[in-house]
Amino acid sequence: MKKNNYKINSNFTPLTPEQIGKHTDFEALLEQFKNAPQEQASPDSDAPVVKMKPTERPSRRWLYPVLAAVAAALVGVVMMVINPAQSDKVTGEEALAYFASQPFINPPIKTLKPDYNNNSLNVNQGGTFSYDNGSTVVVPPAAFVNGQGNLVEGAVEIHYREFHDYVDFFVSGIPMDYDSAGTRYQLESAGMIEIFATQNGERLTMNPGKSIEVKLVHDIYATADDPLDFNIYRLDTEQRNWVYEGKNKLEILPAEEAAALSPTEQATQNYEAQLATIAKEEKIAIDKIEATVAKPVAPVPPVKADKSAHVFNLKFTDDMIEAGNAGNDLDEQRVALRNLQKQYKNMLWQVAPNQPDFNENAASNINWVDMKLRQLNQNDYELTLIGTGNQMKVTVNPVLTGADYQQAMKDFNKSFATYETALADRQAKLNAAREALLTEIADRKRMAKMAFDKRYETLKAEGKDNKATEELIKHRVVNTFTATNLGIWNCDRPLPPWLVSLEADFKNNQEEQFNSNVAFLADQTNNTVARFYAKKGTRVQYNQNNKKLLWVVTKDNKLAVYRPEKFDDIKNRQRSHTFVLDVVDKEIETEEDVREILQF
Amino acid sequence: MLQISRSLVQNFSLMDSTSKTVSDQAMEAEWAEVQAAQREPTLFQPLYRRYYEAIFRFVFRRTNDEQLTADIVSQVFLKAMQKLHGYKFKGVPFSAWLYRIASNQVAQHFRDTKKTRTVSIENHNLTDLAEEIAPTDNQHLKDLLIRSLEELKPIELSLIELRFFEQRPFKEIANILEITESNAKVKTYRILEKMKKIISKKMK
């Protein structure tokens with residue numbers, strides 16, 4: 001095997017931190033950075049900026065005299081960059097200073113008053129409150145003290161409200177950013193509550209050692225691989241910050257609706273639905289085919305006269321024939337009977353069986369003056385014998401004897417053969433129609449399968465064959481935590497920094513700047529609302545790929561919005577942007593008005 | 001005949017040190033620092049201070065020359081500052097990116113100078129590696145081990161160095177080499193198999 005050229009040092013002695021430390025020199029590095037040509041290649045390219053040749057290995061020692069000569073000028077340049085006094089830039093410190101000067105909880109639309117669920121509680125007993133969405137709050141006995149620190153007794157009012165989405169957060173004025181060891185994070189919420197207690201209008205505080213058990217129900221939208229790792233934070237209005245109180249216990253409730261499918265699962269489901277539709281249409285079409293080719297009517301065999309039955313020897317004229325139920329009209333019936341009587345001159349009318357009320361004697365002995373005949377079906381007729389003041393109805397069948405019967409049988413056999421031929425023809429036509437239909441169905445299924453296979457492969461190639469996609473699935477969750485104080489409690493997690501950052505200005509359609517000091521931004525993928533100091537030169541940050549909405553509250557309490565589609569106007573790597581917001585000319589009277597305007 | 005251990009995968013998990021992995025929260029906080037440095041180069045200093053020693057040690061193991069190492073490390077951080085504007089947080093520690101630059105700089109140096117790069121081994125690291133190959137403590141085996149390293153390709157040697165001589169967890173190795181964690185484990189296993197075969201041949 002080929003040997004590579006390595007120098008194995010098996011007696012390696014590591015350097016001490018002090019030995020290493022003496023080589024650190026950030027100022028020199030900074031100078032080198034400022035003097036070196038700027039690198040344009042990607043972060044992972046191998047192209048070195050400065051080629052190091054062994055004979056020209058630079059020693060920083062010769063740099064120092066040069067640096068000393070230009071240090072004063074460079075310091076001036078650096079200070080100009082850091083101090084934006086001459087520029088429009090709004091620094092992070094200015095933004096923080098503005099927000100620090102404002103009330104910590106600062107509802108932006110003062111006319112909208114908070115809406116609480118208010119319940120009475122006997123402090124001595126405690127109580128459990130259940131809210132419409134399934135949230136519950138359990139207050140133990142002796143939970144509150146008054147302003148003097150004395151235990152409160154008797155009836156108190158419990159005031160409770162929940163916050164679930166960006167509109168709730170915006171209207172409430174509760175900040176959704178969090179300072180952790182000097183780094184600011186935007187918090188994404190899985191539900192927030194405010195709870196406080198009063199007695200005779202006086203606010204109470206929690207009795208030390210007591211706590212309220214909260215089960216907060218919330219609908220969360222998350223990708224399939226989201227660990228839903230939320231924490232519990234309490235809003236400390238004195239420290240003006242969220243205080244981490246521990247991990248949230250989040251339980252996903254059984255799905256009330258089907259979880260969203262991955263794209264490939266959706267495509268499969270669509271394909272199966274398509275097949276089911278085709279099968280249904282196939283059945284309907286096959287049923288319809290039966291009706292497309294008329295069914296021949298089978299001839300009725302002649303009936304031979306029964307010697308034991310009563311027969312009438314009757315000849316009917318057209319006026320004796322009444323309209324019947326045989327399906328053909330009266331004229332046709334008359335013609336048919338006329339032909340029958342002509343063909344079979346010795347045709348008789350036999351009393352049909354199973355007529356116990358037929359009075360043979362009366363039929364034979366009464367002098368009937370008239371008669372009527374009405375066809376009931378193919379073989380049955382209703383005979384009405386009319387006397388003077390009475391009549392008799394009896395069902396009769398035309399019957400034949402002797403040569404008539406034999407001739408009729410010959411005719412019947414001929415007709416029946418014709419009928420069988422017609423039947424076979426019909427069957428052939430039906431089979432052909434069915435065959436054509438099945439071929440068409442098979443084609444449709446084949447096309448559907450081809451389209452599905454192609455779609456599935458495309459989705460797989462795009463990596464969309466599992467649930468770990470960006471698609472959001474709705475979960476109903478229960479957050480369980482213990483509130484050791486009254487106030488605002490949030491189930492949150494800090495979000496990674498939003499990657500797009502640019503200098504912003506905010507104007508209306510008349511190119512006028514807004515006097516609003518705060519701009520708000522909601523991102524459809526993250527359940528939060530961000531605030532920015534809305535002055536020219538402020539830095540606005542957001543996620544490039546998520547659908548988002550930006551808005552301000554105008555001086556006259558209206559909303560001016562920058563709609564999601566307008567973010568497409570901002571190009572990649574753009575350093576600054578003027579947000580031209582559209583003022584929505586609608587008076588805001590309720591939170592529903594806000595929700596309607598900010599819908600996206 | 002050399003007995004080959006078959007329980008390598010289990011051994012890997014026992015060796016995994018979680019102390020070098022970086023928490024998500026720390027990564028997020030660091031990303032904020034990186035972004036600050038992207039806007040203002042002077043704010044790169046906290047990152048420089050945090051990683052200088054680690055990068056120095058990384059390079060020193062490969063050069064065994066203190067002054068050369070100082071120069072290469074200077075180039076590493078210069079390059080890092082110059083490329084910082086293009087850095088994007090991808091859920092891996094910032095240090096992994098620095099190690100990649102350092103690794104490339106070292107390789108570039110030895111290509112340019114056509115000199116031999118050093119592989120630094122401490123005795124206890126060699127013992128760990130030997131145990132992976134065969135459970136018996138055998139100085140002869142260790143000598144053969146060292147000789148087998150010479151027959152590894154540069155990337156194979158890097159994996160052995162990172163895993164056994166620098167005691168890095170697979171997750172960190174994957175981040176540095178830009179491969180998946182499972183790939184890092186599989187590759188390491190195959191390299192060990194290769195070394196066993198080399199050693200077996202040498203023992204005959």
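The model scores ipTM 0.82 and pTM 0.44. For chain B the mean pLDDT is 80, and 86% of the residues score at least 70. Helix α4 (residues 66-83) of chain B has the highest mean pLDDT, at 94. Helix α1 (residues 8-15) of chain B has the lowest, at 27. Over residues 1-20 of chain B the pLDDT is below 50. Beyond near neighbours in sequence, this stretch still has 23 contacts in the model. Where pLDDT is low, predicted coordinates should not be read in detail.

Chain B holds ten helices and one strand. From the N terminus, its elements follow the order α-α-α-α-α-β-α-α-α-α-α. Chain B has 204 residues, of which 39% count as buried. Among its contacts with a separation of 6 or more, 66% link residues 24 or more positions apart.

Two helices of chain B, α9 (residues 170-177) and α10 (residues 181-203), meet with their axes within 8 Å. The axes cross at roughly 100°. This angle falls between 65 and 115 degrees, so α9(B) is roughly perpendicular to α10(B). From α9(B), the contact takes B:Phe170, B:Lys171, B:Ile173, B:Ala174 and B:Leu177. Their counterparts in α10(B) are B:Glu181, B:Asn183, B:Ala184 and B:Lys185. By class, five residues of this contact are nonpolar, one is polar and three are charged.

In chain A, five strands form an open sheet in the order β3-β4-β11-β21-β14, with antiparallel pairing. Its edge strands are β3 (127-130) and β14 (249-252) of chain A, each of which pairs on one side only. Neighbouring strands of the sheet are turned by 20° against each other on average, direction ignored.

Elsewhere in chain A, A:Asp585 sits in the loop between β30 (582-584) and α10 (591-597) of chain A. A:Asp585 has 7 other C-beta atoms within 10 Å; a residue with 12 or fewer counts as exposed, and therefore A:Asp585 is exposed. A:Leu559 is 26 residues from A:Asp585 in sequence. In space, the C-alpha atoms of A:Asp585 and A:Leu559 are 7.9 Å apart.

The contact between the chains takes 54 residues from chain B and 40 residues from chain A. On the side of chain B that touches chain A, the elements giving two or more residues are α2 (24-39), α3 (45-63), α4, α5 (94-113), β1 (117-120), α7 (139-149) and α8 (154-165) of chain B. Helix α4(B) gives the most, with eleven residues. This helix also has the highest mean pLDDT among the elements of chain B. By class, the side of chain B that touches chain A divides into 24 nonpolar, 15 polar and 15 charged residues.

Strand pairing also joins the two chains. Strand β1 (residues 6-9) of chain A pairs with β1(B) in the parallel sense, over four bridges. In this pairing, A:Ile8 has B:Val119 of β1(B) as its bridge partner.

Key
Residues are numbered from 1 along each chain as its sequence is written. Chains are lettered from A and ligands numbered from 1 in the order in which they are written. This is a predicted model: local features need pLDDT of at least 70, side-chain atom pairs count only at pLDDT 80 or more; totals for chains, interfaces and linings use all residues. pLDDT is the predictor's confidence in each residue, from 0 to 100. Two residues are in contact if their C-beta atoms, placed from the backbone, lie within 7 Å. A residue is buried if 20 or more other C-beta atoms lie within 10 Å of its own, exposed if 12 or fewer, and partly exposed in between; C-beta atoms are placed from the backbone. Two strands pair if DSSP finds at least two bridges between them. Axes are lines fitted to C-alpha atoms, for helices over the stretch in contact, and angles run from 0 to 180 degrees between N-to-C directions. Ala, Val, Leu, Ile, Met, Phe, Trp, Tyr, Cys and Pro count as nonpolar, Asp, Glu, Lys and Arg as charged, and the others, Gly among them, as polar. Angles under 35 degrees count as roughly parallel, over 145 as roughly antiparallel, 65 to 115 as roughly perpendicular and the rest as oblique.
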